Amino acid sequence: QVQLVESGGGLVQAGGSLRLSCAASGGTFSSYTMGWFRQGPGEEREFVASINWNGGSTYYADSVKGRFSISRDNAKNTVYLQMNSLKPEDTAVYYCAASVFPIPTPRAMYGYWGHGTQVTVSS
């Protein structure tokens with residue numbers, strides 16, 4: 001079974017940057033579609049970005065295009081989310097997820113989830 005552990009969250013001022021990491025174990029890691037989602041207080045969990053580990057295709061939510069970048073290092077079984085030009089609206093718990101399906105992948109098709117890491121952007 002796949003296990004995912006996020007790290008790199010924290011407090012940052014608006015306009016600043018953070019890089020989140022997601023370490024994966026317990027599966028054929030390079031075959032998985034990997035995604036980042038986020039959930040603010042009282043909000044639905046929403047899609048942020050995804051990447052196909054084999055094909056290198058990426059997708060982004062409109063709200064983060066041009067500011068966030070997803071990448072992966074298959075040798076380290078790790079996925080990253082580089083977040084630049086952060087806004088208070090980006091404040092949320094960020095979750096890493098894995099799917100056996102190719103992208104584009106709906107949220108329901110992600111079968112494995114990390115426990116999340118808090119990102120707080122102050123104004």
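Of the 123 residues of the protein, 42% count as buried. The model is a predicted one. The protein exposes about 6,200 Å². Carbon and sulfur atoms supply 47% of that area.

The secondary structure consists of strands: 11 are present, with zero helices. From the N terminus on, the order of elements is β-β-β-β-β-β-β-β-β-β-β. The radius of gyration is 13 Å, close to the 14 Å that the globule rule gives for 123 residues, so the protein is as compact as a globular protein of that length. Along the principal axes, the C-alpha trace spans about 40 × 30 × 25 Å.

Contacts were also examined by sequence separation. Among those between residues at least 6 apart in sequence, 58% join residues at least 24 apart.

Phenylalanine 37 was examined individually. This residue is found in strand S4, which covers residues 33-39. The relative accessibility of phenylalanine 37 is 1%, under the 20% cut-off, so the residue counts as buried. Serine 50 lies 13 residues from phenylalanine 37 along the chain, and the C-alpha atoms of the two are separated by 8.9 Å.

Note on methods
Residues numbered from 1 in each chain as written. Predicted model: local features only at pLDDT ≥ 70, side-chain atom pairs only at ≥ 80, totals over all residues. Heavy atoms only, no water. Helix = DSSP H or I, 4+ residues; strand = E, 2+ residues; numbered from the N terminus. Rg over C-alpha atoms; globule rule 2.2 N^0.38 Å. Buried < 20%, exposed > 50% of the residue type's maximum accessible area, 1.4 Å probe, protein only. Contact = heavy atoms within 4.5 Å. Areas by Shrake-Rupley, 256 points an atom, 1.4 Å probe, with all protein chains shown as cover.
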